[in-house]
Amino acid sequence: MATCDNVGAFLEDVAKEILLNFPVKSLLRFKCVCKKWCALIEDPKFTIEHLNCSKKKPQQFLIYDCGAADDAPAVTVTSDYGIPSPSQGDNSQRFGVILKLLGCVDGLFFMEREIDKGILCSLWNPATGEMRHLPAASMEFQPFDVYPRHFGFGLDPMTKDYKVVYHYHRDGLLMFKGFMENLQT
Amino acid sequence: MVKLKSNDDKEFEVEEAAVIQSEMIKNMIEDGCATSVIPLPNIDSKTLIKVIEYLNKHINMGKAAETGEEDDLKEFDEQFVNMGWEELFDVIMAANYLNIHELMELCCQSAADRLKNKSVRAVREMLKITNDLTEEEEQEIINDAPWAFEGPEIDDTVN
């Protein structure tokens, strides 16, 4: 085994190479290993490198169980291990009524939900479970608007922002922005 | 042929075509600073034998694609990383020092596969890392994503 001096060097040079190969769940846990790992994993540059590494690996699955019984919320599951059995619910997240799910772009999804008779638009990262609500305060949606809503979701390659475009067929174009640079994907 | 010397004074002869997969040695040869025997003070003979085994097998990597030997190479890689944790750790250190990109990638992937389901405690022990986070800092990280610390796959054993 390498000596203690080597272990110091190991942390600097090699830890990142290994960390890039971890799934997101492990990264979130291993932020607890030491300060250096925590700083490295939270570094936005690391997030981008990790995303590029992940793109070379087999794709993950997102399973949307729209057949949930009665009032039970819809269930979504992601997995590293191929399609999980329904009992493997440890990675699942539960949501209320999902009206629209767009994506994915770099592992992110746009989600439109009906909550308390209002509409909530969010960007969702299933790998980290993070959810960012979009500033929809200026937009008054009604669940049963006469006019259908249209959404588009994508990455602006110039600014590196993930953008959601909302189109209301009468009033033209409305745009809002979500800054997602800190999200693990 | 190029001669490599491990830190326990054993010499190994390797074909130049094999050894130049190491960026470090390739640069040494190109710059004309390779001596008749290249000393490797960071690598012991046991580890160097493993590295040379890899270099010799991957010497014809370009050809493998043409002759359909890719599967053979894949099988070799799978067998190659089938070694003890400490041995793997040493090969990673050597691959990093010699700058052998493909070997580094292969071994880091294997290390990540072995570590990914480990508990925080087990990872610290396996990599001999001292925890420098306060209890509060640790708790904060756990509170951010408690689900990442739970699950039947999480393994607290050290091996």
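How many bridges join E4(A) to strand E5 of chain A? Seven, and the two strands run antiparallel. E5 covers residues 108-115. Strands here are DSSP runs (E, at least two residues), numbered from the N terminus. Two strands pair if DSSP finds at least two bridges between them.

This is a predicted model, where local features need pLDDT of at least 70, side-chain atom pairs count only at pLDDT 80 or more, and totals for chains, interfaces and linings use all residues. Residues are numbered from 1 along each chain as its sequence is written, and side-chain values use heavy atoms, without hydrogens and water.

**The sheet**

E4 and E5 belong to an open sheet of four strands in chain A, with the order E4-E5-E6-E7 and antiparallel pairing. Two strands sit at the edges, each pairing on one side only.

| Edge strand (chain A) | Residues |
|---|---|
| E4 | 97-105 |
| E7 | 130-133 |

Within the sheet, A:Gly103 stands opposite A:Phe109 in E5(A).

**The rings**

Over all chains there are five aromatic pairs. Rings of Phe, Tyr and Trp (its six-membered ring) pair if their centres lie within 6.5 Å; planes under 30 degrees apart count as stacked, over 60 as edge-to-face and the rest as tilted. A:Phe109 and A:Trp124 have ring centres 5.9 Å apart and planes at 45°, so the pair is tilted. A:Phe109 lies in E5 and A:Trp124 in E6 (residues 118-125) of chain A, so the pair ties together parts 15 residues apart in sequence. Both A:Phe109 and A:Trp124 are buried (under 20% relative accessible area, 1.4 Å probe, protein chains only). Elsewhere, ring pairs link A:Phe22, A:Phe30 and A:Trp37 into a cluster.

Definitions and conventions
Chains are lettered from A and ligands numbered from 1 in the order in which they are written. Buried means under 20% relative accessible area, exposed over 50%, partly exposed in between (1.4 Å probe, protein chains only).
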